[in-house]
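These are my notebook entries on one structure. I set down what I looked up, in the order in which I looked.

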Amino acid sequence: MIYDFMRLILFFDLPVATKKDRHNYAVFRKYLIKQGYKMIQFSIYSKIFSNLDAVNNHIKILKKNLPQDGSIRAMVVTEKQYSRMLILVGSKTFFEEQENMDTLIEL
């Protein structure tokens, strides 16, 4: 079976002005981590999938677990496109690279 690995990248900007807002932010962030997302930067998380159908199925589930307020965007890219991402300032850590490789191996 040939896999066309895809990345789902979530960008979110959630309010944190009140205690309830911060709670909702924390709940959503913990949900993403529990679902296997890895943080790229603050409020930017990605998850690898084996194909586009798996991404689309996951988006349906994700829509049911979104907080009411804020802005959340999703972008789907191939693993090849993701691997060509440029880092203009800073660098990837070894831990981030290892986590991504472990995820690929598990699939």
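Which residues make a nonpolar surface patch of about 430 Å²? I found that Leu86, Leu88 and Val89 make this patch. I noted how patches are built: their residues have over 30% relative accessible area and no salt bridge, like charges are joined within 9 Å, and nonpolar side chains (Val, Leu, Ile, Met, Phe, Trp, Tyr) within 5 Å. Areas come from the Shrake-Rupley method with a 1.4 Å probe, and for residues only the protein chains shown count as cover.

Before going on, I recorded that this is a predicted model, in which local features need pLDDT of at least 70, side-chain atom pairs count only at pLDDT 80 or more, and totals for chains, interfaces and linings use all residues. Residues are numbered from 1 along each chain as its sequence is written, and side-chain values use heavy atoms, with hydrogens and water left out.

**Entry: the chain**

I counted 4 helices and 4 strands, taken as DSSP runs numbered from the N terminus (helices H or I, at least four residues; strands E, at least two). Along the sequence they follow the pattern β-α-β-β-α-β-α-α. Of the 107 residues, 25% count as buried (buried is under 20% relative accessible area, exposed over 50%, partly exposed in between; 1.4 Å probe, protein chains only).

**Entry: Val89**

I located Val89 in the loop between helix H3 (79-83) and helix H4 (94-106). Val89 counts as exposed because its relative accessibility is 78%.

**Entry: the salt bridge**

How many salt bridges does a search of the whole structure find? The search gives 1, where a salt bridge is a side-chain nitrogen of Lys or Arg within 4 Å of a carboxyl oxygen of Asp or Glu. Glu79 forms a salt bridge with Arg7, and their closest N and O atoms are 2.7 Å apart. This pair links distant parts of the chain, since Glu79 is in helix H3 and Arg7 in strand E1 (residues 6-13), 72 residues apart. Glu79 counts as buried because its relative accessibility is 15%; Arg7 counts as buried at 3%.

**Entry: Asp21**

I then turned to Asp21, in helix H1 (residues 19-34). Asp21 is buried yet has no salt bridge. The nearest side chain of opposite charge, Arg22, is 7.0 Å away (Lys and Arg count as positive, Asp and Glu as negative; His and the chain ends are not counted). Leaving out residues up to four places away in sequence, Asp21 touches Pro15 and Val16, contact meaning heavy atoms within 4.5 Å.
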